[in-house]
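Welcome! Please take a moment to look over the sequence and the 3D structure before reading on.

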Amino acid sequence: MAITPASAPAPSPAAATNLIGEVCKKSNIDPTLCIATLRSIPGAASAFDDIKALAELVMEAAREESKVLGEMFGEILSNKDDAKNPKFKHSLELCALDYNEAAIFFTTRGLGDVTKSLEIHSALDNSQNCDGELVKITNRGGAGLIDDSISAAVQRWKNLYAVANGVVLYAEDVFKGNPVDDGQGDDDCGPDY
């Protein structure tokens, strides 16, 4: 599911304005771009006054965009003959893997815990690894494999990452060491019983 712009009404309560402002300040991207990214997330406008609800929507959007990018790199591998060239194939496989793996870091588990920002940064590490692979592809004469749709999707992902990171950093301030329990326990093994 690709994230598409949605016309979201501007939030009116002061708390919503404050939440958006704080998240965007911590996102370290242009505030206008941050707000546009937030508004592009379906349902986000109704969560502009609830950090946990907003976090769930932002994380879902970033997780889905990660999967979309993984699929896009997989489609290049499947559909472009030049992609099968050993000079490019490994780099494209790594990019597909990097973005598919990045998706696992976008959860609300541990939201508010100071280690969550380290966890979510792992998704950025994956993206930066792929950036390096894309440079290799270009340097090896494969620039034609990476079209504008990939570049746009990578930029969209980076915007979502920045907003997700802003949400996580703001949640650390709000929850002050009392992380949100998502009912999934402290591991990836499912609910606590």
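Which pattern does the protein follow when read along the sequence? The pattern is α-α-α-α-α-α, and the secondary structure comes to six helices and zero strands. Helices here are DSSP runs of H or I with at least four residues, strands are runs of E with at least two, and both are numbered from the N terminus.

This is a predicted model, in which local features need pLDDT of at least 70, side-chain atom pairs count only at pLDDT 80 or more, and totals for chains, interfaces and linings use all residues. Residues are numbered from 1 along each chain as its sequence is written, and side-chain values use heavy atoms, with hydrogens and water left out.

**The protein as a whole**

- Buried residues make up 44% of the 193 residues; buried means under 20% relative accessible area, exposed over 50%, and partly exposed in between, with a 1.4 Å probe and protein chains only.
- The accessible surface comes to about 9,500 Å², and carbon and sulfur atoms account for 53% of this area. Such areas come from the Shrake-Rupley method with a 1.4 Å probe, and for residues only the protein chains shown count as cover.
- Of the contacts with a separation of 6 or more, 75% are between residues 24 or more positions apart; a contact means heavy atoms within 4.5 Å.

**Helix α6**

- Helix α6 covers residues 148–175, and its 28 residues reach 40 Å from the first C-alpha to the last.
- That reach is close to the 40 Å expected at 1.5 Å a residue, where the expected span is 1.5 Å times one less than the number of residues.
- Lysine 176 follows α6, and its phi is positive, near 40°.

**The nonpolar core**

- The largest nonpolar core has 56 residues, and those touching the most other members are Leu38, Leu54, Phe73, Leu92, Phe106, Ile146 and Trp157. A nonpolar core is a set of buried Ala, Val, Leu, Ile, Met, Phe, Trp, Tyr and Cys residues joined through side-chain atoms within 4.5 Å.
- At least two residues of this core come from each of α1 (14–27), α2 (31–39), α3 (51–79), α4, α5 and α6.
- Helix α6 gives the most to this core, with 14 residues.
- Not counting residues up to four places away in sequence, leucine 38 touches Ile20, Cys24, Ala44, Phe48, Leu54, Val58 and Val163.

**Aromatic pairs**

- Rings of Phe, Tyr and Trp (its six-membered ring) pair if their centres lie within 6.5 Å; planes under 30 degrees apart count as stacked, over 60 as edge-to-face and the rest as tilted. By this rule there are four aromatic pairs.
- Tyrosine 99 and tryptophan 157 form an edge-to-face pair, 5.4 Å centre to centre with 80° between the planes.
- This pair links distant parts of the chain, with tyrosine 99 in helix α4 and tryptophan 157 in helix α6, 58 residues apart.
- Why does tyrosine 99 count as buried? Its relative accessible area is 1%, and tryptophan 157 is also buried, with a relative accessible area of 1%.
- Ring pairs link Phe73, Tyr99, Phe106, Trp157 and Tyr161 into a cluster.

**Phenylalanine 105**

- Phenylalanine 105 lies in the loop between α4 (86–102) and α5 (116–139).
- Its relative accessibility is 16%, so phenylalanine 105 counts as buried.
- Not counting residues up to four places away in sequence, phenylalanine 105 touches Lys116, Glu119, Ile120, Ser122, Ala123 and Asn126.
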